[in-house]
Every structure is written in C-alpha cells, then in structure tokens.
Amino acid sequence: MRKGILAVAALLVSLQAPAMDLRVGCALGTRSIDDESLREAYGPGTVYFPYAALSFWKGAAVGAGFETGYSKEAKLGLYKEASSLKIQGFEIFALYQLKFDALHPYLKAGYGFYSYSQTLDSPIAPLFRVDARQGAPILAGGFNLHLTEGLYLSGEAKYVPLTVKPFDEEVDLGGLRYLLGIGYAFKF
C-alpha cells in the first residue's frame, strides 16, 4: 500500500515538474586582449569552447565549459626576443533564455578559473616564464537558433575582465569573445 501511494505521488510530482534538457555543444570564435601592448604584440586569437548546460526551470540553466585555444607567439623588445602567450580556463555559469519559436535569446553570468603562461627567451636571462592562475567574472549574451527537435546553432558575445599581476605591474588579459557554435539538446 505504501509503495503504491509513493508511486502515485511520484507520478503526480513528475507531471508537474518542468521539462528538463541537457545541452552539449562547442563554439568557436575570436578572442581579444584589452592590454594595449599585449594586443599589439600578440593580437587576437582563436578560441573554442566545449560546454554542457542543464536547464531546470522555465528557461533557467546552469552549466560549465572550458575555453582553450588562445596560444600566440611574437617577437618582443629591441632585440626581437621570441615569446609566447597562452590563456585558457574552466568556466561555470548560469543563464536565462527566452523562447520565441526557434529563436532562444539568452543572458549568461558566471565565473571563470583561468590559467595563463608567458615565456620570453632573452639573451640577458635564460628562459623567462610566468605560469599563474586568476579568477574573473563572466558576462555574456547570445542566442540559440533551433534547426530541428534537438539540433541548434548558437552565437554569443562574452566579456571577461581578467586583470592579473604577475610582477609589480597589472596587466589586463581580459577582453571580448565572439563565438559561433553548434549543439544538441537532449530532452528528459
């Protein structure tokens, strides 16, 4: 009797629960750097962002992803010394989307845990290296354009204000990302 009552209660709760979906996808795009001297030396780069997000209530979702791919080399200084810069990070986020037929615009906020490394091969000093980590908030807006039941295309503009201080001087590694992607929503 007790099992029957629990089964009926579980059925009634599940009928009232909103539909959930798991979205997985990957976006590709460009990334800029706000610091003027680094932007001139290394320039913008390509990043990709695989992610997963779970929607749980009327357009609200939480998720995580990994931004990687920005790795640039440049000649720096008077002696044109070889250098490299690499930035990547794990991000967690919450988003809210509106649903207009096939178009679902959204706003996203979160926090990223970024690692950055820079090397400089100088005749004055042996290989100079910075390896550090820094956290920063994330603000983004974008859209998902649903093509079929689960398949969608996405577009996003994201800003991360990533200010770091590897030595005595602050450097702004933050910047804008413009991403286009593809994903699939699994309904359950």
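Before that, a word on where the values come from. This is a predicted model, in which local features need pLDDT of at least 70, side-chain atom pairs count only at pLDDT 80 or more, and totals for chains, interfaces and linings use all residues. Residues are numbered from 1 along each chain as its sequence is written, and side-chain values use heavy atoms, with hydrogens and water left out.

Let us begin with the strands, which are DSSP runs of E with at least two residues, numbered from the N terminus; two of them pair if DSSP finds at least two bridges between them. Strand β2, residues 45–57, runs antiparallel to strand β3, residues 60–76, and seven bridges join them. Within that pairing, S55 has A61 in β3 as its bridge partner, and the hairpin leaves two residues between the strands, with K58 in the turn showing a positive phi of about 40 degrees. On β3 there is also an antiparallel pairing with strand β4, residues 81–97, over 15 bridges, where Y70 stands opposite I87 in β4. That hairpin has four residues between its strands, and G77 takes a positive phi near 80 degrees.

Now, is R31 buried or exposed? R31 is in strand β1, residues 21–31, and it counts as buried because its relative accessibility is 1%, where buried means under 20% relative accessible area, exposed over 50% and partly exposed in between, using a 1.4 Å probe and protein chains only. A polar atom of the R31 side chain lies 2.9 Å from the backbone oxygen of L173. If we take contact to mean heavy atoms within 4.5 Å, and leave aside neighbours within four places in sequence, the residues that R31 touches include E67, Y70, I87 and L173.

For I92, which is in strand β4, the relative accessible area is 38%, so this residue is partly exposed. I92 and A52 are 40 residues apart in sequence, yet their C-alpha atoms are 9.8 Å apart in space. Again leaving aside neighbours within four places in sequence, I92 is in contact with G63, A64, G110, Y111, F113 and I138.

Finally, we come to L145, which is in strand β6, residues 128–146, and which is partly exposed because its relative accessible area is 33%.

Conventions
A polar contact is a pair of N or O atoms within 3.5 Å; within protein, one must be able to donate a hydrogen and the other to accept it, and residues adjacent in sequence count only if both atoms are side-chain atoms.
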